[in-house]
Amino acid sequence: ADFSEIKINTILIKNSNDDCINFKDGIYEIDYISLENCKDRGLSAGLSSNVKVNNFYSENTSVAVYAKDSSTVSIDNASINNTGHCLVGYRVLDVYNGGNFFINKKKLNCSKNKFYISGNSEWIHQ
């Protein structure tokens, strides 16, 4: 799915030994994502990708949502449980900026409220 423009109705992923799902340099619109038991990141966006999620659920991940290298992740409704960090955004490669989040704060349920947003990333809550 990398480097594509895709609309997806539902993504269900359980028991991944690494990241559950990665997006690179494309435009992605997803109605519903459910991620459980991801050893590393739940949703990872990089290389200028634009990911829009209407409903997001994550359980037992190291990082629920990760945005890096000029990527933008927009989430309207999120439920994040038992995670190390809810949102992490930063720059890995010098040719890009940080990661960006557009989050509906009124519909963000994160059990630990742990966020890491580096100085060159942005978290905009609506």
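This is a predicted model: local features need pLDDT of at least 70, side-chain atom pairs count only at pLDDT 80 or more; totals for chains, interfaces and linings use all residues.
Residues are numbered from 1 along each chain as its sequence is written, and side-chain values use heavy atoms, with hydrogens and water left out.

Okay, Asp-69. Is Asp-69 buried or exposed? Buried, with a relative accessible area of 1%. Asp-69 sits in the loop between β4 (50-68) and β5; strands here are DSSP runs of E, at least two residues, numbered from the N terminus.

Now look at what its side chain does. It reaches the backbone nitrogen of Val-92 at 2.7 Å, and a polar atom of that Asp-69 side chain also lies 3.0 Å from the backbone nitrogen of Leu-93. For polar contacts, we take N or O pairs within 3.5 Å, where within protein one atom must be able to donate a hydrogen and the other to accept it, and residues adjacent in sequence count only if both atoms are side-chain atoms. In sequence, Asp-69 and Leu-93 are 24 residues apart, yet their C-alphas are 6.4 Å apart in space.

Over to Val-92, then. Val-92 is in the loop between β5 (72-90) and β6 (100-103), and Val-92 is partly exposed, at 44% relative accessible area.

So, to recap: the Asp-69 side chain is buried at 1%, and Val-92, whose backbone nitrogen it reaches, is partly exposed.

Methods
Helices (H or I, at least four residues) and strands (E, at least two) are DSSP runs, numbered from the N terminus. Buried means under 20% relative accessible area, exposed over 50%, partly exposed in between (1.4 Å probe, protein chains only).
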